[in-house]
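Reader: I would like to learn how to read the features of a protein model. Could you take me through one, step by step?

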Amino acid sequence: MSFRYYYADRIRERMPEFKGTDEELQKAIDDISLQYNSAIRVLETRLKNISDDFDKQHSYMPIHHEHSRLKSFDSIIEKAARYGIEDPINNLDTVKREILDIAGIRVVCNYEEDLAILSDLLLDQEDVEVIRVKDYCDRPKESGYRSLHVVVAVPVYLVHTKKMVPVEIQFRSIAMDAWASLEHELRYKHKGELDPEIVDTLKSCAEDLHRIDETMSRVRHKVLDSGNKYNEI
């Protein structure tokens, strides 16, 4: 997950416009890697603690699995250019301020209702700074995509300083994640271009999976409301 293979001389070959020394560029690359990887570890631990405590109190673990990633240095610079940041390789402070998904965690929950519960428990922590929340569950994207996107900043304690580092967290149900992963793969293979008929079919699939999500949640509550007899099976 680190920038292990990102060395200043290799970056300079692709981005000769960098005005500093190789040592300054290497330090900037290493600082991004350290800070954002540390922030990911902080949040992964906190989310696991929440899920474990929830399991202890309610005999139910809301997180099915997690996946984290750090954008490559090239991807960060490319996205900064798309965002209109002028000369991003020489304005990395601006890049880090404007690009909020350099670090990302995908949290896949068992049921759609778990998304709000889990995110609220995280956002209620006193040292978690909420930067942005985008709820695509009740208001999905035109494509049919559903998810809860939360950007938070968490404290990262280094040897001589503390940094508040942003991370984007995408909370999805299992059904949401399955659809999003397959839809992304199809778009990637076709360079983002899909026939309108295929787009409509994918949107219909997303709606079908949403109904399944709702049905499974109702089934779960019926099982819970029926008492403990299922626990004896």
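**Reading the model**

Author: Of the 233 residues of the protein chain, 41% count as buried. Keep in mind that the model is predicted.

Reader: How many helices and strands does the protein chain have, and in which pattern?

Author: Start with the count and then the order. The protein chain has seven helices and five strands. Along the sequence they follow the pattern α-α-β-α-α-β-α-β-β-β-α-α.

Reader: What are the overall dimensions and the accessible surface?

Author: The C-alpha atoms fill a box of roughly 70 × 50 × 25 Å along the principal axes. The accessible surface of the chain comes to about 14000 Å², and carbon and sulfur atoms hold 50% of that.

Reader: What share of the contacts with a separation of 6 or more comes from residues 24 or more positions apart?

Author: In this chain, such pairs account for 65% of those contacts.

Reader: How do I read a pair of packed helices? Take α6 and α7.

Author: Look at the angle, the distance between axes, and then the residues that touch. Helix α6 spans residues 174–189 and helix α7 spans residues 196–225. They pack at an angle of about 165°, with axes 9 Å apart. Angles over 145 degrees count as roughly antiparallel, so α6 is roughly antiparallel to α7. Their crossing is right-handed.

Reader: Now single residues. Is Leu122 buried or exposed?

Author: Read the relative accessibility against the cut-off: buried means under 20%. Leu122 has 0%, so Leu122 counts as buried. Leu122 lies in helix α5, residues 113–123. Beyond its neighbours within four places in sequence, Leu122 is in contact with Leu43, Arg46, Leu47, Ile50, Val128 and Ile169.

Reader: And what is the case for Glu66?

Author: Glu66 has a relative accessible area of 27%, so Glu66 is partly exposed. Glu66 lies in strand β1, residues 63–70. Not counting residues up to four places away in sequence, Glu66 touches Glu44, Leu47, Lys48, Ile105, Arg106 and Val107.

Reader: How far apart in space are Glu66 and Asp225?

Author: Compare sequence and space. Glu66 and Asp225 are 159 residues apart in sequence and 29 Å apart, C-alpha to C-alpha. Leu122 and Asp195 are 73 residues apart along the chain, and their C-alpha atoms are separated by 40 Å.

Conventions:
Residues numbered from 1 in each chain as written. Predicted model: local features only at pLDDT ≥ 70, side-chain atom pairs only at ≥ 80, totals over all residues. Heavy atoms only, no water. Axes fitted to C-alpha atoms, helices over the stretch in contact; angles between N-to-C directions. Helix = DSSP H or I, 4+ residues; strand = E, 2+ residues; numbered from the N terminus. Parallel < 35°, antiparallel > 145°, perpendicular 65-115°, else oblique. Left-handed = near helix turned anticlockwise from the far one by under 90°. Buried < 20%, exposed > 50% of the residue type's maximum accessible area, 1.4 Å probe, protein only. Contact = heavy atoms within 4.5 Å. Areas by Shrake-Rupley, 256 points an atom, 1.4 Å probe, with all protein chains shown as cover.
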